[in-house]
Amino acid sequence: MNINYKSIIEAILFIAGDEGVTLEQLVAALEISKEEMICIMDKLMLEYNEDENRGLEIANYGKYYKLVTKAETHDYCQKIFNEENNKQFSQAALETLAIIAYKQPITRVEIEEIRGVSCDMMIRKLLAKNLIKEAGRLETAGKPFQYAVTDEFMDTFKLKSLSELPELPEYKQEKEEGELFD
């Protein structure tokens, strides 16, 4: 079987999103040598970064490879994601924003655990709209980004502080024995 490493890497980078992947992760996933992976990544980065017909490029920030938009596409992307008249939010966007506002700083994985669905694309959109920001990295394996709301979020929802957010209702949880507790 002829394996198309470039297409596999492209898919991995797309799914990894803002967090990116390390060379070691790619080597482990594709089961090839580090030297082969470096060669493939160098060629793939060159293809993406020099092809004027692509709106994306591959960046290597520190130890992480990421798929990012090219600088010349920024103004066009901003028209979609920062339009003043684009103030309506989807249910998924509102849920994600609420989780971040109440639990910040919080990682993508923690948001996904609460929502029960993947949030990578929604986080990208909220970052592009400047409603959330990266608020550091968690000091655990992979050092995932933590997210928090921005001043733009506060302006959009006309909040002076996060203390103005409504109180969350208290839910009773069930113990294994079936007893309820607060």
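Me: What makes the stretch that holds threonine 96 a helix?
Reply: Threonine 96 is found in helix α5, residues 91-103. Helices are DSSP runs of H or I with at least four residues, strands are E runs of at least two, and both are numbered from the N terminus. The model is predicted: local features need pLDDT of at least 70, side-chain atom pairs count only at pLDDT 80 or more, and totals for chains, interfaces and linings use all residues. Residues are numbered from 1 along each chain as its sequence is written, and side-chain values use heavy atoms, leaving out hydrogens and water.

Me: Why is threonine 96 called buried?
Reply: Its relative accessible area is 0%. Buried means under 20%, exposed over 50%, partly exposed in between (1.4 Å probe, protein chains only). Threonine 96 is therefore buried.

Me: Which residues does threonine 96 touch?
Reply: Leaving out residues up to four places away in sequence, threonine 96 touches Ile111, Arg115, Cys119, Met122, Ile123 and Leu126. Contact means heavy atoms within 4.5 Å.

Me: Cysteine 119 is on that list. Is cysteine 119 buried or exposed?
Reply: Cysteine 119 has a relative accessible area of 0%, so it is buried. Cysteine 77 has 30%, so it is partly exposed.

Me: How many disulfides does the structure hold?
Reply: The structure holds 0 disulfides. A disulfide needs a pair of cysteine sulfur atoms within 2.5 Å.

Me: Why are α2 and α3 called roughly perpendicular?
Reply: Helix α2 (residues 23-30) and helix α3 (residues 34-50) pack at about 110°, with axes 10 Å apart. Axes are lines fitted to C-alpha atoms over the stretch in contact, with angles from 0 to 180 degrees between N-to-C directions. Under 35 degrees is roughly parallel, over 145 roughly antiparallel, 65 to 115 roughly perpendicular, the rest oblique. So α2 and α3 are roughly perpendicular.

Me: Which residues of α2 and α3 meet?
Reply: Leu23, Glu24, Leu26, Val27 and Leu30 in α2 meet Lys34, Met37, Ile38 and Met41 in α3. The contact residues divide into 7 nonpolar, no polar and 2 charged.

Me: How do you know that β2 and β3 pair?
Reply: Pairing takes at least two DSSP bridges between strands. Strand β2 (residues 56-61) is joined to β3 by 6 bridges, running antiparallel. Leucine 56 stands opposite threonine 69 in β3. The two strands form a hairpin with 2 residues between them, and glycine 62 in the turn has a positive phi of about 65°.

Me: How many bridges join β1 to β3?
Reply: Strand β1 (residues 21-22) is joined to β3 by 2 bridges, also antiparallel. Valine 21 has tyrosine 65 as its bridge partner in β3.

Definitions and conventions
Ala, Val, Leu, Ile, Met, Phe, Trp, Tyr, Cys and Pro count as nonpolar, Asp, Glu, Lys and Arg as charged, and the others, Gly among them, as polar.
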